[in-house]
Structure formats: structure tokens, C-alpha cells
Protein chains: 2
Amino acid sequence: MENDNNNDLDEETLFVVSQTFKALGDPTRIRILHLLFQKEYSVNGIAEALHLRQSTVSHQLRFLKNLRLVKYRREGTTLNYSHDDEHVMNMLKQTIDHACH
Amino acid sequence: MENDNNNDLDEETLFVVSQTFKALGDPTRIRILHLLFQKEYSVNGIAEALHLRQSTVSHQLRFLKNLRLVKYRREGTTLNYSHDDEHVMNMLKQTIDHACH
DNA sequence: TTATAATATGAACATATACTAATATATACA
DNA sequence: TGTATATATTAGTATATGTTCATATTATAA
């Protein structure tokens with residue numbers, strides 16, 4: 001990739017960056033990631049904690065998983081999700097603090 | 001507002017945070033903000049530099065202006081836009097660097 | 001005032017997005 | 001094997017979003 005001091009953003013960088021921010025641009029995904037600040041949660045655990053449908057949570061987790069913002073650990077039939085990108089989680093934390101200061 | 005150590009995000013914080021990230025979740029707006037890293041630009045200046053329609057730029061600038069991510073300085077009939085949120089610009093810069101490491 | 005340049009706005013359109021219900025898949029265990 | 005539990009997937013729908021064209025607005029200068 002390399003962007004160096006080139007003033008133009010290449011297509012790939014533009015895509016990755018916009019996708020990353022898009023992931024944080026939805027209230028449901030923010031709530032999920034915010035929950036994962038503390039500890040890992042199962043899919044149903046997230047659904048119950050946030051009053052969301054299992055299907056909704058699963059869809060959003062797939063989205064976040066594709067961007068490698070979350071990972072999971074299997075325990076029987078249960079999948080325990082946790083965050084997997086410190087940079088993004090820090091940005092989220094900062095922005096939340098910034099918003100409710 | 002205040003979010004303190006309450007584990008739940010209140011509606012308003014959730015809205016502000018998601019709107020902020022949503023602003024950075026579109027390639028066109030990223031390109032515009034990236035251009036404004038360097039110096040102020042007129043609406044037509046942005047349109048020419050990025051090969052976008054004047055109308056498109058104006059719409060996106062209104063979006064960014066509503067979130068106070070940009071401001072403008074009038075010079076005759078020309079409006080010179082510049083960035084207006086250090087926190088957001090730093091996040092963008094970091095994420096771009098992060099993406100094209 | 002009229003003409004010109006720069007920007008903003010409104011409506012229409014196509015696409016993207018998020019949620020839901022229903023169903024499929026996968027794992028564990030009797 | 002069959003059953004129960006947890007999660008994933010598919011298809012449908014409603015809404016949100018981004019771009020464009022055409023037009024309106026605003027400020028300047030003649």
C-alpha cells in the first residue's frame with residue numbers, strides 16, 4: 001500500500017478507512033462494541049443485554065468479524081465474542097468520552 | 001450529558017458518536033477532509049481537486065458543517081472551507097496511517 | 001439596477017443499509 | 001442415532017444515503 005507523502009488517497013486505503021468508520025457509524029454496532037469493552041459475550045448474551053434479536057446481533061457480528069474488529073472463542077455450541085482491534089476500540093472510547101464530557 | 005461509569009450509553013451520546021463516525025464513513029467525505037488537512041479550499045476548489053460536481057461537494061460540506069467538522073471564511077462570493085475539529089481530524093489521520101502501514 | 005460568479009437547495013433516482021422472520025447449520029449429549 | 005441448544009444464513013422489506021440535474025440564492029461589480 002504505502003501512502004507516504006502522496007497527497008492523494010489510493011482506492012484501497014480509502015476503502016479500508018471508510019469501512020472502518022462505517023463500522024462505528026451505527027448505533028447498534030457501537031452498543032455491541034461498547035459492551036465488549038468489559039468482557040466477552042455470547043451472541044445470545046449480547047442480544048439479551050441490549051434487547052436485540054439474535055439474528056440482528058449475528059448479522060452485526062459478522063460485519064464486525066469481517067473487519068477483524070471482533071473475534072470469537074468457541075465453548076461448546078456457544079461462541080464467545082470479544083474485541084480484536086485496540087486502535088478502533090481506543091477511538092471509540094475517546095469519542096464516547098468526548099461526546100459526553 | 002455525563003456518562004460516568006454507567007454501563008449503558010444514553011440515546012444522545014449514541015447519536016452523536018454514531019453521527020461523527022458516519023461522517024467519516026464515506027469515501028467522498030474522507031477525501032474532502034483529507035484535502036483540508038493541508039489548507040482551506042473553496043467549494044469549486046474542492047470540486048476541481050477531487051473531480052466532483054459542485055453540487056456534490058456542497059451537499060457534503062453542509063453535512064460536515066452541521067456536525068461542526070468544517071467551517072468557512074467568506075471572501076467575496078467565495079467560501080473558503082477549512083477543518084474545525086482537531087479530535088476528528090486526528091482520528092482520521094491516525095486511521096489513514098494505520099490503513100496504509 | 002443588471003449581469004456575473006460562487007454557492008446552496010430541492011426533487012428524483014439508484015443503491016446501500018439494518019432489521020426481521022423463517023430456516024439452515026453445527027455442536028453436544030442422551 | 002435423535003434431540004436440544006446456539007448460532008448462521010437467506011430473503012424480504014423499509015429506510016437511509018449519495019449523486020445528479022435543474023434551479024434558487026447570495027454577493028460583487030459594472
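**Two chains, and the words used for them**

Colleague: Which residues is A:His34 in contact with, leaving aside its neighbours within four places in sequence?

Modeller: A:His34 is in contact with A:Leu92, A:Ile96, B:Asn7 and B:Leu9, where contact means heavy atoms within 4.5 Å. A word on the basis: this is a predicted model, local features need pLDDT of at least 70, side-chain atom pairs count only at pLDDT 80 or more, and totals for chains, interfaces and linings use all residues. Residues are numbered from 1 along each chain as its sequence is written, chains are lettered from A and ligands numbered from 1 in the order in which they are written, and side-chain values use heavy atoms, leaving out hydrogens and water.

Colleague: Where does A:His34 lie, and what makes it buried or exposed?

Modeller: A:His34 lies in helix H2 (residues 27-35) of chain A; helices (H or I, at least four residues) are DSSP runs, numbered from the N terminus. Its relative accessible area is 12%, and buried means under 20%, exposed over 50%, partly exposed in between (1.4 Å probe, protein chains only). A:His34 is therefore buried.

Colleague: How about A:Gly45: what makes it buried or exposed?

Modeller: A:Gly45 has a relative accessible area of 19%, so it counts as buried. The place of this glycine is in helix H3 of chain A. Its C-alpha atom is separated by 10.0 Å from that of A:Thr78, 33 residues apart along the chain.

Colleague: Why are A:His51 and B:His51 called exposed?

Modeller: A:His51 has a relative accessibility of 72% and so counts as exposed; B:His51 does too, at 71%. A:His51 is found in the loop between H3 and helix H4 (54-66) of chain A, and B:His51 lies in the loop between helix H3 (43-50) and helix H4 (54-66) of chain B. Look at the backbone there as well: phi of A:His51 is near 60 degrees, a positive value in a residue other than glycine. B:His51 is not a glycine either, and its positive phi is about 55 degrees.

Colleague: What makes H2(A) roughly parallel or roughly perpendicular to H3(A)?

Modeller: The axes of H2(A) and helix H3 (residues 43-50) of chain A come within 11 Å and cross at roughly 110 degrees. That makes the two helices roughly perpendicular, because angles under 35 degrees count as roughly parallel, over 145 as roughly antiparallel, 65 to 115 as roughly perpendicular and the rest as oblique. Axes here are lines fitted to C-alpha atoms, for helices over the stretch in contact, with angles running from 0 to 180 degrees between N-to-C directions. At the crossing, A:Arg31, A:Ile32 and A:Leu35 in H2(A) meet A:Ile46, A:Ala49 and A:Leu50 in H3(A).

Colleague: And which residues meet where H2(B) packs on H4(B)?

Modeller: B:Thr28, B:Arg29, B:Ile32 and B:Leu33 in H2(B) meet B:Gln60, B:Leu61, B:Phe63 and B:Leu64 in H4(B). The axes come within 10 Å and cross at roughly 75 degrees, which means that H2(B) is roughly perpendicular to H4(B).

Colleague: Which residues have the most contacts inside the largest nonpolar core?

Modeller: They are A:Ile46, A:Leu61, A:Leu92, B:Ile46, B:Leu61 and B:Leu92, in a core of 62 residues. A nonpolar core is a set of buried Ala, Val, Leu, Ile, Met, Phe, Trp, Tyr and Cys residues joined through side-chain atoms within 4.5 Å. Not counting residues up to four places away in sequence, B:Leu61 touches B:Ile32, B:Val43, B:Ile46, B:Val70 and B:Tyr81.

Colleague: How do you know that the copies meet through the same surface?

Modeller: Because 100% of the interface residues of chain A are also interface residues in chain B.
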